[in-house]
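I opened a new entry today. I wanted the overall fold first, then the sheet, then the helix packing.

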Amino acid sequence: MKTLIVFAHPNRKSFNGTILDIVLEELNTKGWQYRVTDLYEDNFSPILSQREYEESMKNIYANDVKRHQEDIQWAKNIIFIYPIWWMSTPAILKGWIDRVFAMGFAYGQGQNGIRGLLKDKKAIFITTSGHGQKEMIESGMINAMEKIHIEGTMNFCGIYDVTFKNLGGAVRASNEEHKEMLGEVRKLIRNI
């Protein structure tokens, strides 16, 4: 199965990088094809300029955006790996979504309003947070992030099979707790 991994952490040797390694191990075990987009390594520009915005309304996309759109079209699964910073997505990933999930590619105008164009895909979000999972749930942050990513982005673009998995307290976790978290990631990828 074809899988696109979108990695958004500036340090490949971080815990998020270890998560990426585990995902790749599991995909290799499955014998699946995959492509990795490392937004920081690629030096992806998250800035949507006025000109690019106006051109995207005419289905004209920048070359770097077209390459990412081709990867999305190729893939059946899209796996996002990133840390939660300031209770949100890193700016580079938000900018990637702004530029790549453009009108005419990810969504369009239908007879009854906006319609998603990325049907028959599955999305998986694997995030890490400094706050513990209990704190994230009790504060409503997990619910808010799921709503934004699942309903506000993926469903809007036609992707309805979406999983959101946060590994809470990753910053202060012990080695044993990190192993447990990585075990959860393995299980998630094995069950795709």
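The radius of gyration here is taken over C-alpha atoms, and the globule rule is 2.2 Å times the number of residues to the power 0.38. I note at the outset that I am working on a predicted model.

**Entry 1. Overall size.** I looked up how the chain compares with that rule. For 192 residues, a compact globule would have a radius of gyration near 16 Å; the chain has 17 Å, which agrees. I then took the extents along the principal axes. The C-alpha trace spans about 50 × 40 × 30 Å.

Entry 2. What share of the residues counts as buried? I found 48% of the 192. The accessible surface comes to about 10,100 Å². Carbon and sulfur atoms hold 49% of that surface. I also checked sequence separation in the contacts. Among contacts with a separation of 6 or more, 80% join residues 24 or more positions apart.

**Entry 3. Secondary structure.** I counted 7 helices and 7 strands in the chain. Read along the sequence, the pattern is β-α-β-α-α-β-α-β-β-β-α-α-β-α.

**Entry 4. The sheet.** In what order do the strands of the open sheet stand? I read β2-β1-β3-β6-β7, 5 strands with parallel pairing. The edges are β2 (34-38) and β7 (161-168). Each has a single partner strand, so one side of each is left without a neighbour in the sheet. From one strand to the next, the twist averages 15°.

I then looked at one pair inside that order. Strand β3 (residues 77-83) runs parallel to strand β6 (residues 122-129), and the two pair over 7 bridges. Ile81 stands opposite Ile126 in β6.

**Entry 5. Helices on the sheet.** Which strands does helix α1 touch? Helix α1 (residues 15-30) packs on the sheet and touches β1 (3-7), β2, β3, β6 and β7. The direction of α1 makes about 170° with that of β1. Helix α6 (residues 141-154) lies across β3, β6 and β7. I read an angle of about 155° between α6 and β7.

**Entry 6. A helix pair.** I turned to helix α3 (residues 63-74) and helix α4 (residues 91-100). Their axes come within 10 Å and cross at roughly 90°. Angles of 65 to 115 degrees count as roughly perpendicular, so α3 is roughly perpendicular to α4. I listed the residues that make the contact. From α3 they are Asp64, Val65, His68, Gln69 and Ile72. From α4 they are Trp96, Arg99 and Val100.

Methods. Residues numbered from 1 in each chain as written. Predicted model: local features only at pLDDT ≥ 70, side-chain atom pairs only at ≥ 80, totals over all residues. Heavy atoms only, no water. Pairing = 2+ DSSP bridges. Helix = DSSP H or I, 4+ residues; strand = E, 2+ residues; numbered from the N terminus. Axes fitted to C-alpha atoms, helices over the stretch in contact; angles between N-to-C directions. Contact = heavy atoms within 4.5 Å. Buried < 20%, exposed > 50% of the residue type's maximum accessible area, 1.4 Å probe, protein only. Areas by Shrake-Rupley, 256 points an atom, 1.4 Å probe, with all protein chains shown as cover. Parallel < 35°, antiparallel > 145°, perpendicular 65-115°, else oblique.
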